Amino acid sequence: MSAKTFQDLCGLIHRHSRIHLVPSKLSLLTSRLSRRLRELELASWEDYLAWLQHPSGQEIGTLIDLVSTNHTHFFREAEHFDALSSHLLDELLLHSPTARQGLRCWSAASSSGEEAFTLAMVLSEYAAQKTGGLRWQILGTDISSRAIEKARQAVYPMERLGLPEPSFLPKYFQKGSGPFEGFCKVKHELQSKVQFEQMNLFDPVYRIPMPQHVVFCRNVLIYFDPPSQAQLIERLHNVLEPGGFLMVGHSDSLLRIPHAFKSLGNGIYQRKT
């Protein structure tokens, strides 16, 4: 792939996703797209670039799917879920009338659904301990339509669950049999509380319920350039109710990003009241 073609591809990717690829990512890009060239029976990268510029724009979504990184697992960076259970949810319900009416949580880069379903298990456990229970809903979104389809299927390899409590397996999952041996599916009762939608974090308008009380946007900022990072953090601030919480990943940092959040440590931020 020539330097110019690489730059043109990176420009297209950035324009449609804000994912920022530096020259050192050339081999990563070629490895992820080579199979697609063979599927389309295209002879060169220049031919693929021309294919991407077809007026229908249909290939752009496939390109973003292939470039997106969808690495996740259940209870990843567990201290965020521990903090919710131990004190953050108590604080929300104490001070927010809208949270008491119905807690709204957004997994803003939900990949194949593990983060959103982890949060669902945490909220289910928390609600079971509350007198009168707790109304809650979770929205999971991702730019990758392929990842969203996996999340909607809610089927995962048993070996990758890594649940902190053995009781969670029979409580929240149904074991597969026959051709699904070694897999499990999230039970309907939990699935019904989680909705998944394909969405770009830089869409002009967020099609989500407002305001949100808890937003997870973890290990995503590292893929964007500084102006895009600042824009995204401002938008996430605006969708949160005052007093609501934003969780960012261990690989993310807001130190060099202008923001109006109060830092609580460990990647937990609160919108000031």
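**Briefing: strands, cores and salt bridges in a predicted model**

Strand S4 and strand S5 (residues 183-186) pair in the antiparallel sense over 3 bridges, where two strands count as paired if DSSP finds at least two bridges between them. This is a predicted model, in which local features need pLDDT of at least 70 and side-chain atom pairs count only at pLDDT 80 or more, while totals for chains, interfaces and linings use all residues. Residues are numbered from 1 along each chain as its sequence is written, and side-chain values use heavy atoms, with hydrogens and water left out. Helices (H or I, at least four residues) and strands (E, at least two) are DSSP runs, numbered from the N terminus.

**The sheet**

- The pair belongs to an open sheet of 3 strands, which has the order S3-S5-S4 and antiparallel pairing.
- Strand S3 (155-157) and strand S4 (173-175) stand at the edges with a single partner strand each, so one side of each is left without a neighbour in the sheet.
- Neighbouring strands of this sheet are turned by 35° against each other on average, direction ignored, with axes taken as lines fitted to C-alpha atoms and angles running from 0 to 180 degrees between N-to-C directions.
- Within the sheet, Lys-175 stands opposite Cys-184 in S5.

**The nonpolar cores**

- The largest nonpolar core has 45 residues, of which Trp-106, Leu-201, Leu-232 and Leu-246 touch the most other members; such a core is a set of buried Ala, Val, Leu, Ile, Met, Phe, Trp, Tyr and Cys residues joined through side-chain atoms within 4.5 Å.
- Two or more residues of this core come from each of helix H1 (3-17), helix H2 (26-40), helix H3 (45-52), helix H4 (58-67), helix H11 (226-239) and strand S8 (240-247).
- Leaving out residues up to four places away in sequence, Leu-232 touches Leu-201, Phe-202, Tyr-206, Cys-217, Leu-221 and Phe-224, contact meaning heavy atoms within 4.5 Å.

**Ser-110**

- Ser-110 is placed in the loop between strand S1 (103-107) and helix H7 (114-128).
- With a relative accessible area of 1%, Ser-110 is buried, on a scale where buried means under 20% relative accessible area, exposed over 50%, and partly exposed in between (1.4 Å probe, protein chains only).
- Beyond its neighbours within four places in sequence, Ser-110 is in contact with Gly-140, Thr-141, Asp-142, Ile-148 and Phe-196.
- Between Ser-110 and Leu-232 there are 122 residues in sequence and 16 Å in space, C-alpha to C-alpha.

**Salt bridges**

- A search of the whole structure finds 9 salt bridges, each a side-chain nitrogen of Lys or Arg within 4 Å of a carboxyl oxygen of Asp or Glu.
- One of them joins the side chains of Arg-36 and Glu-59 (2.8 Å, N to O), linking helix H2 with helix H4 across 23 residues; both residues are buried.
- Arg-35, Arg-36, Glu-39 and Glu-59 are linked in a network of salt bridges.
- Arg-160 forms a salt bridge with Glu-114, the closest N and O atoms being 3.5 Å apart; because Arg-160 lies in the loop between S3 and helix H9 (168-172) and Glu-114 in helix H7, the pair ties together parts that are 46 residues apart in sequence.
- In that pair, Arg-160 is partly exposed at 43% relative accessibility, whereas Glu-114 is buried at 2%.
- Glu-115 and Arg-218 also meet through their side chains in a salt bridge (2.8 Å, N to O), with Glu-115 buried at 7% relative accessibility and Arg-218 buried at 8%.
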